[in-house]
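Colleague: I have a few questions about this one before I set anything up. Can we go through it bit by bit?

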Amino acid sequence: MNTSSHKGTEFSKFKEYYIRECNECGVCYENCYAYKITKYPIHKTLKNLFQNKLDKKNVKKIKKFLNSCIYCKSCQKSCINGLDLTERLTTIRFELFKLNRKYTWLPYKIPSIFARFINGKRIAHALMNLNNYLIPKINRQKYDEYRTPKTRDIVFFSGCGIQMLENQYFTLLDIFNKLNLNFGLIEGLFDKSVCCGAVSFGLGKFEHGLYLLKNLVDEVKRFNTKKVMVYCATCYYGLKKLAPQFIEDYDLEIIYAADYIAEILKKEEYKKHLNIPKAKSQLITIHDSCHLAHSGDVSSIRKLFSVLPNVTISEMKHHKENSFCDLYCIIRELNNPLNLIVKKDVLPIIDEAVESKANVLCSLCPNCHAVLTIFGDGFTSALGLTNKRIPVKNWVSILGEYLGIRMKDMLTYRLSHFITIPFKESGLWYLIQILKAFVRGYIGLKKPKKKKKMKN
Ligand code: SF4
Ligand code: SF4
């Protein structure tokens, strides 16, 4: 896409280009699910929306169209003029927000009354409290030196999801440690209000999303680098695709952690770390997270597995850019939420993983890992009452094993152990932390408690 070179956000340049080049042919929406459901030709009103000339009576229709989008990406890359609207769906919602500040995005199957409970600030407070309850500061002290702002090769922005799966959080940081990376560490929604903002933007909470994102950009600057490594697919999408739409002259380089590590492990001096004698062969199939795939990264994980000894990839039918979105498979069932508990085939991803004959299904981000583990093979198997057809492992755990870092998958364990000794490993303990975080953060709008300093 040719856009003029003057300053501005990517989105403001895109709008200018769209107004000039779109001929309203409708090709981009020929196979669009939202169009089938709403019969609303959104391509005929976007120019007016972008020029602030939209007839107010169309606001409701556009909103319905956008809420019916199942993010199938059929409109992506279909325009002969190179106008990729899929990438801009979030920012198109931003235009609606400017017209109606009460605008909130919710999938069309969720009753609109729930929109009242979507409050960016409250959600962020709840997450900050939850991350502090699940991994308290004292358990993170081991990595304090990486949090100190000073010049680094790269900054690792953890995101908030990984902190809810503590074994992945500790495994990944131990991997960085073992490989002697010169990295700075910023944790999402832990002790500071920093986040990629993607979820807030997605839900239509633009002001709060931008506040969190700008805080993150400021934090990164303290490490004197423009390179930011992320692990969560949604953070990758937020920082790579959304941030340039909202922030002028945004110039951070976003790198997926698997890519950065694969490049390091290719180097001769690092190969010794992988010299596990008799590494047993693994046949792995990969579930590509759509936020990663549609932000242009399907190669990192494959590159990483190509440097691990005795790993073979068996691709499932829908992979790379064609992968299914697990979250939308869940949304599809919301007409009858009981299906999520009783149905075994909520996610076709598991069927395809089994068909691939792989021994392991590899997840790429904390959100997909949680959805695949909880709903993938039927809820009864998540609770340990029936057998799983294929184990779900995150790539961080797979790599950790090659580097001698092995930790129990606490999500799988807690789902099948409601009460345990020690209590902190149980499912009940985890649910209590969620409840506490909800009451203190969401309802009480309080930040996490600061531990009092010990008196000498
Ligand atoms: S295919 Fe391209 S030119 Fe046609 S309506 Fe869509 S964005 Fe406009
Ligand atoms: S991603 Fe959304 S807008 Fe694009 S074709 Fe699919 S349903 Fe339609």
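Modeller: Fine. Start with Asn52, which sits in the loop between α3 (46–50) and α4 (59–68). Bear in mind that this is a predicted model.

Colleague: What is phi of Asn52 near?

Modeller: Phi there is near 55 degrees, a positive value in a residue other than glycine.

Colleague: Is Asn52 buried or exposed?

Modeller: Exposed, because Asn52 has 9 other C-beta atoms within 10 Å and the cut-off for exposed is 12 or fewer.

Colleague: And Asn180, where is that?

Modeller: Asn180 is in the loop between α9 and β2 (183–186). Its phi is near 55 degrees, again a positive value in a residue other than glycine. Asn180 counts as exposed, with 10 C-beta neighbours inside 10 Å.

Colleague: Which peptide bond is cis?

Modeller: The one from Ile421 to Pro422, with omega near 0 degrees. Pro422 belongs to the loop between α23 (410–416) and α24 (427–443).

Colleague: Switching to the ligands. Which residues are around ligand 1?

Modeller: Cys22, Asn23, Glu24, Cys25, Gly26, Val27, Cys28, His43, Cys79, Asn81, Leu83 and Leu85. By class that shell has seven nonpolar, four polar and one charged residues.

Colleague: Then which ones are around ligand 2?

Modeller: Around ligand 2 there are Cys32, Tyr33, Ala34, Cys69, Ile70, Tyr71, Cys72, Lys73, Ser74, Cys75 and Thr86. The class count for the ligand 2 shell is eight nonpolar, two polar and one charged.

Colleague: What does Arg88 contact, leaving aside neighbours within four places in sequence?

Modeller: Phe11 and Phe14. As for Cys232, Arg88 is 144 residues from it in sequence and 20 Å from it in space, C-alpha to C-alpha.

Colleague: How many residues are in the largest nonpolar core?

Modeller: It has 115, and the residues with the most contacts inside it are Val228, Val230 and Tyr236. Helix α12 (residues 233–246) gives the most to this core, with eight residues. As a general matter, nonpolar side chains in soluble globular proteins tend to be buried together.

Colleague: Take Val228. What is it in contact with, beyond four places in sequence?

Modeller: Val155, Phe157, Val220, Leu239, Leu252, Glu253, Ile254 and Ile255.

Colleague: Follow up on Ile255. Which strand is it in?

Modeller: Strand β4, residues 253–256. Ile255 is buried, because 21 other C-beta atoms lie within 10 Å. With neighbours up to four places away set aside, its contacts are Lys227, Val228, Met229 and Tyr260.

Colleague: How far is Ile255 from Tyr236?

Modeller: The two are 7.7 Å apart, C-alpha to C-alpha, and 19 residues apart in sequence.

Colleague: Now helix packing. At what angle do α6 and α11 pack?

Modeller: About 45 degrees, with the axes of α6 (residues 120–134) and α11 (residues 206–221) 8 Å apart. The two helices are therefore oblique to each other. On the α6 side the contact is made by Gly120, Lys121 and Ala124, and on the α11 side by His208, Gly209 and Leu212. That contact has two nonpolar, three polar and one charged residues.

Colleague: What about α22, how many of its residues are buried?

Modeller: Seven of eight, so helix α22 (residues 395–402) is mostly covered. The buried ones are Trp395, Val396, Ser397, Ile398, Leu399, Gly400 and Tyr402.

Colleague: What covers them?

Modeller: The cover includes α9 (166–178), α13 (257–266), α16 (300–307), β7 (360–363) and β8 (392–394). After the helix comes Gly404, with a positive phi near 75 degrees.

Colleague: Last one. Is Lys357 buried or exposed?

Modeller: Lys357 counts as exposed, with 10 C-beta neighbours inside 10 Å. It lies in the loop between α19 (348–355) and β7. Not counting residues up to four places away in sequence, Lys357 touches Leu283 and Ser314.

Methods. Residues numbered from 1 in each chain as written. Chains lettered and ligands numbered in written order. Predicted model: local features only at pLDDT ≥ 70, side-chain atom pairs only at ≥ 80, totals over all residues. Axes fitted to C-alpha atoms, helices over the stretch in contact; angles between N-to-C directions. Helix = DSSP H or I, 4+ residues; strand = E, 2+ residues; numbered from the N terminus. Parallel < 35°, antiparallel > 145°, perpendicular 65-115°, else oblique. Contact = placed C-beta atoms within 7 Å. Nonpolar A, V, L, I, M, F, W, Y, C, P; charged D, E, K, R; others polar. Near = placed C-beta within 6 Å. Core = buried A, V, L, I, M, F, W, Y, C linked by C-beta atoms within 7 Å. Buried ≥ 20, exposed ≤ 12 C-beta atoms within 10 Å, placed from the backbone.
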